[in-house]
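Subject: Structure handover

Hello,

Here is the structure we spoke about, with its sequence. My notes on what was found in it follow below.

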Amino acid sequence: MTKVAFLGLGVMGYPMARHLKAGGHEVTVYNRSAAKSAKWVAEFGGRAAATPKEAAIGQDIVFACVGNDDDLRSVTIGPDGAFAGLAKGAVFVDHTTASAEVARELHAEAAKLGFAFIDAPVSGGQAGAENGVLTVMCGGDAEPFSRVEPVIQSYARACRLLGPVGSGQLAKMMNQICIAGIVQGLAEALHFGKRAGLDVEAVVEVISKGAAQSWQMENRYKSMNAGQFEFGFAVDWMRKDLGICLDEARNNGARLPLTALVDQFYGDVQAKGGNRWDTSSLISRLET
Ligand SMILES: NC(=O)c1ccc[n+]([C@@H]2O[C@H](COP(=O)([O-])OP(=O)(O)OC[C@H]3O[C@@H](n4cnc5c(N)ncnc54)[C@H](OP(=O)(O)O)[C@@H]3O)[C@@H](O)[C@H]2O)c1
């Protein structure tokens with residue numbers, strides 16, 4: 001049994017922390033809105049802490065899954081942040097999708113204080129978190145990774161160290177770049193199929209067995225075809241992620257013309273009120 005804390009019980013964090021408890025670990029939770037941590041403890045046991053610092057005291061590993069770079073800074077190095085409570089030799093694992101830059105900054109701060117920092121963004125969405133089958137992309141040092149990896153397995157199907165600190169976030173950027181292009185392609189294909197008078201569902205059932213197959217095609221074509229977007233991975237989150245990719249590309253010189261275009265298309269979806277719609281809502285731009 002490992003002593004762990006989990007900071008941020010959102011769509012992803014709530015079930016991830018549940019898997020840690022089910023895996024036999026001793027779990028302390030913290031959430032900014034205390035009602036959620038009280039609900040979590042009532043459901044699964046463990047302990048709720050009032051601040052990230054209090055949650056971090058005495059733990060072997062502290063996990064976080066909050067919104068963006070600033071949220072992450074707030075729960076780590078902000079007032080009553082976890083870094084003030086972590087013991088020497090402990091490990092902080094960040095599951096937030098954030099920039100590689102903030103990962104490097106927090107890794108350096110952690111090193112000064114005598115503990116380790118691993119950036120470990122995830123892919124697999126709410127269903128992946130609920131079912132404990134996330135893909136976890138890690139950056140950091142090999143020794144602390146070897147200590148946290150068996151614990152991360154509580155909610156992962158794949159977990160791999162991909163290089164030094166920041167590499168997990170850079171890998172997640174590759175993931176989001178792939179998704180942006182794929183969802184736009186799928187949206188255009190479905191839109192085209194309808195205009196052509198095809199039975200789109202029948203076509204997808206066939207072409208999803210061939211080279212056009214993708215997770216987005218298999219899991220999203222029905223709801224895209226039906227114009228249903230009130231679920232899933234929010235457009236606001238996707239724009240945050242694509243912004244991070246485009247910033248990184250400006251630094252490393254990569255050319256991301258399609259990603260930049262799709263980012264603007266998501267801006268159109270936001271302008272018509274789709275901030276919380278699933279990323280598959282790109283098709284709504286074509287159908288109005
Ligand atoms: N949802 C997905 O499908 C998915 C998939 C892969 C990756 N991700 C990434 O995972 C992260 C979390 O996503 P989510 O869907 O779980 O988001 P969410 O449901 O909005 O939850 C965000 C959590 O972070 C907390 N939080 C936000 N800002 C904070 C701050 N300044 N101080 C303290 N706590 C703060 C929130 O607390 P409150 O409850 O008080 O608001 C909440 O617990 C994001 O980086 C997202 O991009 C999400």
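**Lys-240 and its surroundings**

The side chain of Lys-240 comes within 2.8 Å of the backbone oxygen of Thr-97. Please keep in mind that this is a predicted model. A second polar contact of the Lys-240 side chain, at 3.1 Å, goes to the side chain of Asp-241. Lys-240 sits in helix H11, which covers residues 235–252. If neighbours within four places in sequence are set aside, the residues in contact with Lys-240 are Gly-67, Asn-68 and Thr-97. As for Arg-18, 222 residues away from Lys-240 along the chain, the C-alpha atoms of the two are separated by 27 Å.

The chain is split into domain 1, residues 3–163, and domain 2, residues 170–285. Contact between them involves 12 residues of domain 1 and 10 residues of domain 2. Their C-alpha centres are 28 Å apart.

How much area is buried between domain 1 and domain 2? The figure is about 870 Å², and carbon and sulfur atoms account for 62% of that area. The polar side of the interface can be listed briefly:

- Salt bridges across the interface of domain 1 and domain 2: 0 by the rule.
- Residue pairs in polar contact across the interface of domain 1 and domain 2, both residues at pLDDT 80 or more: 3.

On the side of domain 1 that touches domain 2, helix H5 (100–113) and strand E7 (122–123) each provide at least two residues. Sorted by class, that side of domain 1 consists of 6 nonpolar, 5 polar and 1 charged residues.

**Salt bridges**

Searching the whole structure gives 13 salt bridges. One of these pairs Lys-112 with Glu-109, and the closest N and O atoms are 3.3 Å apart. Lys-112 and Glu-109 both belong to helix H5, at a spacing of 3 residues, or about one turn of the helix.

**Aromatic pairs**

The search of the whole structure returns 8 aromatic pairs. Why is the pair of Trp-40 and Phe-44 edge-to-face? The ring centres of Trp-40 and Phe-44 are 5.1 Å apart and the planes stand at 65°, so the pair is edge-to-face; the cut-off for that label is an angle over 60 degrees. Trp-40 and Phe-44 are both in helix H2 (residues 34–44), 4 residues apart, which is about one turn of the helix.

Regards

How values were computed: Residues are numbered from 1 along each chain as its sequence is written. This is a predicted model: local features need pLDDT of at least 70, side-chain atom pairs count only at pLDDT 80 or more; totals for chains, interfaces and linings use all residues. Side-chain values use heavy atoms; hydrogens and water are left out. Domain bounds come from an automatic or database domain assignment. Contact means heavy atoms within 4.5 Å. Buried area is the accessible area (1.4 Å probe) that two parts lose on being put together, summed over both. A salt bridge is a side-chain nitrogen of Lys or Arg within 4 Å of a carboxyl oxygen of Asp or Glu. A polar contact is a pair of N or O atoms within 3.5 Å; within protein, one must be able to donate a hydrogen and the other to accept it, and residues adjacent in sequence count only if both atoms are side-chain atoms. Ala, Val, Leu, Ile, Met, Phe, Trp, Tyr, Cys and Pro count as nonpolar, Asp, Glu, Lys and Arg as charged, and the others, Gly among them, as polar. Rings of Phe, Tyr and Trp (its six-membered ring) pair if their centres lie within 6.5 Å; planes under 30 degrees apart count as stacked, over 60 as edge-to-face and the rest as tilted.
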